[in-house]
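Visitor: Hello! I am new here and would like to learn how to read a structure. Could you show it to me?

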Amino acid sequence: MAEHLIYSHPIISCILLKLFKAIVSHRYVPMAFGDGIVIPLLKYSGLDNSKMDNYRAITISPVISKVFESYLLCTLQDFLFTSELQFGFKANSGCRDAMSVLCNAVEHYTRDGSTVNIACLDMSKAFDRVNLYGLSIKLMKLNVPKSFISIILDWYGKVFVSVKWNNSLSAPRQLLAGVRQGGVLSPSLFNVYINDILVNLQQSAFGCHVSGKFVVH
């Protein structure tokens with residue numbers, strides 16, 4: 001638990017530093033870093049608890065693995081840049097900002113009598129469907145150091161989860177696709193994975209432009 005690190009002896013920082021240096025040097029993460037416990041929770045109270053779609057999964061991961069992810073995110077943040085039109089999973093932005101841009105663009109066009117057609121893409125369970133090798137290719141294109149790509153691939157090859165239901169725990173099951181639920185680095189990796197959609201739309205002739213700037217696809 002996080003409290004184990006917060007209240008441990010100060011030497012823990014030196015130990016973790018040596019561990020993280022060894023991981024980067026050998027491009028190998030401990031098997032335990034891939035372990036996770038999935039706890040299903042009803043999305044809203046009062047929903048039918050017999051239907052799987054009414055649940056959302058919360059994954060509990062080893063705390064030390066999250067500390068290492070924070071280190072990776074800090075090290076790689078200059079490489080993991082994405083389109084300014086990507087509002088999700090970014091600091092100080094979210095769905096509210098995306099809706100604001102959309103509404104303002106629609107108002108700008110309809111004010112002059114134009115018609116705006118909107119098409120929406122529902123990326124259901126998108127986190128769970130990321131192709132890891134496709135992700136590695138996109139990271140290569142962003143010039144992410146090969147050592148870090150190797151670490152991520154090694155890590156994701158060791159992802160096993162067990163489902164906790166009341167006091168019972170299922171046998172571990174390996175996940176062969178998707179970014180890790182609850183991972184510190186996962187939102188940034190997901191943004192990189194889908195960024196080409198925004199880039200390709202921005203380079204196309206489709207979408208709305210305000211003052212010569214592409215704002216909505």
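Visitor: Which helix is the place of Phe20?

Guide: Welcome! Keep in mind that this is a predicted model. Phe20 sits in helix H2, which covers residues 12–26.

Visitor: Is Phe20 buried or exposed?

Guide: The idea is to look at relative accessible area, where a value under 20% means buried. Phe20 has 9% relative accessibility, so Phe20 counts as buried.

Visitor: Which residues does Phe20 touch, not counting residues up to four places away in sequence?

Guide: Leaving those sequence neighbours aside, Phe20 touches Ile64, Val67 and Phe68. Take Phe68: it is 48 residues apart from Phe20 along the chain, yet their C-alpha atoms are separated by 6.9 Å.

Visitor: What share of the contacts with a separation of 6 or more is made by residues 24 or more positions apart?

Guide: In this protein, such pairs account for 66% of those contacts.

Visitor: Now the surface. Which residues form a nonpolar patch there?

Guide: The patch consists of Ile37, Leu41, Ile58, Ile60 and Leu169, with about 410 Å² of accessible area together. Strand S1 (35–42) and strand S2 (55–60) each supply at least two of the patch residues. Leu41, for example, is found in strand S1.

Visitor: Why is Leu41 called partly exposed?

Guide: Partly exposed lies between the buried limit of 20% and the exposed limit of 50%. Leu41 is partly exposed because its relative accessible area is 37%.

Visitor: And how many helices and strands are in the protein?

Guide: There are 7 helices and 7 strands. Along the sequence their pattern reads α-α-β-β-α-α-α-α-β-β-β-α-β-β.

Terms used:
Residues numbered from 1 in each chain as written. Predicted model: local features only at pLDDT ≥ 70, side-chain atom pairs only at ≥ 80, totals over all residues. Heavy atoms only, no water. Helix = DSSP H or I, 4+ residues; strand = E, 2+ residues; numbered from the N terminus. Buried < 20%, exposed > 50% of the residue type's maximum accessible area, 1.4 Å probe, protein only. Contact = heavy atoms within 4.5 Å. Patch = residues over 30% accessible without salt bridge, like charges linked within 9 Å, V, L, I, M, F, W, Y side chains within 5 Å. Areas by Shrake-Rupley, 256 points an atom, 1.4 Å probe, with all protein chains shown as cover. Salt bridge = Lys/Arg side-chain N within 4 Å of Asp/Glu carboxyl O.
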